[in-house]
Amino acid sequence: MGTKCNKIKLYNTDNHSLYSIPQLVHLAPEANPPITPHGVYTIKLNPSKTLMATVGHLGRDVAIYRLPNLEPVCLGQKSHTEGILDLCWLDDDFLVSGGMDRQMALWRVDNYQQRSYFNDLGVDEDTEPPLPVISPLRIKKCTGADKVRAVIFNERNSEIVSLSTNAFLHVWDPERFYQKISRKLPHAMENVCLTQKDDASLYAVGSKSHFTLLDPRTLHHVKKVSARINGCSVKSLSFHRDILTIGTAVGAILFYDMRAGKYMESTMNSGRAVMLKCSRGFVHLEEAAMELMPNADYSPTIYTHCYDQSGTRLFAAGGPLSVTLRGHYAGIWR
């Protein structure tokens, strides 16, 4: 898991151990380093699960680790001028990044063996080798976009789809890496998450009070569904077979049955939606926040969630929505 305070953590669900993963830092000094760390907004595995992609120390670089032992492979630089918000693997070698600077970058990662690579450079095996640095194959401005918030790859249609925070979807050709079409979304506020069904037959976008289902062929909306809870923003989405799981800004996780076309309901209380209510986790109330809302009820925002391979366990994580609060939440549901 990645944090907004610029840390990468690995949690072992068998023995409940928590490890810190060192962020990759290039030895050459940065010309204009950011004043504060950008944070880790994305961690993605390639299809064969042999490589992990995330961001480097400054948040502008792509950091690649080898799995399962998390050896550093390389650091991708000279692409984004501001922080990277999402990454997407096209296959085991090619990767796309999108960031706050409205840019999309295409990368190729050679899954070379470190020892042979450094020996070719004449590096002594007993000396800690320098970290290899790669550059993007192409960089393109996402026309009509604000920040590029999310990126997915539709393998069936061979299309890259990016979501920008000004409520547009943008479709890209992955082979020539050019922008083909953009489509305005029906809800203008807080479009921050994008996902697709396993068979790439449907897209889902989360916004301030709704999630929208779209046809990948036309990008026209098929259905707009209210988030059900008043004042609730949709912050994370994922499909698991015919169930769409929704992480919200009020510490609740909801489930929408695609076949039935409605939220899953309790078998005990008819008409009542099935909901997982998260605990507070840890939150540190700053003095200013205490003055502004001394009696306010706090719930963590669910910024990310995913199922294990069996579909029997759900991991959810997040923290405070307000910038005046510091804290975190992580939980595993069975």
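Okay, a bit of housekeeping. The model is predicted, so local features need pLDDT of at least 70 and side-chain atom pairs count only at pLDDT 80 or more, while totals for chains, interfaces and linings use all residues. Residues are numbered from 1 along each chain as its sequence is written, and side-chain values use heavy atoms, with hydrogens and water left out.

Let's begin at the hairpin. Strand β1, residues 9-12, pairs with strand β2, residues 17-20, in the antiparallel sense over four bridges. When I say strand, I mean a DSSP run of E with at least two residues, numbered from the N terminus; when I say two strands pair, DSSP finds at least two bridges between them. If you want to find the pairing on screen, look for Tyr11, whose bridge partner in β2 is Leu18. Four residues sit between the two strands, and His16 in that turn has a positive phi of about 60 degrees.

Now the five-stranded sheet. In what order do the strands run? It goes β3-β4-β5-β6-β10, an open sheet with mixed pairing. The edge strands are β3 (44-45) and β10 (133-134), each pairing on one side only. Further in, β4 (residues 51-55) and β5 (residues 62-66) are antiparallel, with five bridges. Leu51 has Arg66 in β5 as its bridge partner.

On to the other open sheet, with four strands in the order β12-β13-β14-β15 and antiparallel pairing. Here β12 (148-154) and β15 (178-184) are at the edges with a single partner strand each, so one side of each has no neighbour in the sheet. Inside the sheet, β13 (residues 159-164) and β14 (residues 168-173) run antiparallel and are joined by five bridges. There, Val161 stands opposite Val171 in β14.

Last stop, Thr195, which is in strand β16, residues 193-196. Is Thr195 buried or exposed? It's buried, at a relative accessible area of 12%; buried means under 20%, with a 1.4 Å probe and protein chains only. So who's around it? Leaving aside neighbours within four places in sequence, Thr195 is in contact with residues including Ile152, Tyr203, Phe239 and Leu244, where contact means heavy atoms within 4.5 Å. One distance as well: the C-alpha atoms of Thr195 and Leu213 are separated by 9.8 Å, and these two are 18 residues apart along the chain.

Terms used:
Buried means under 20% relative accessible area, exposed over 50%, partly exposed in between (1.4 Å probe, protein chains only).
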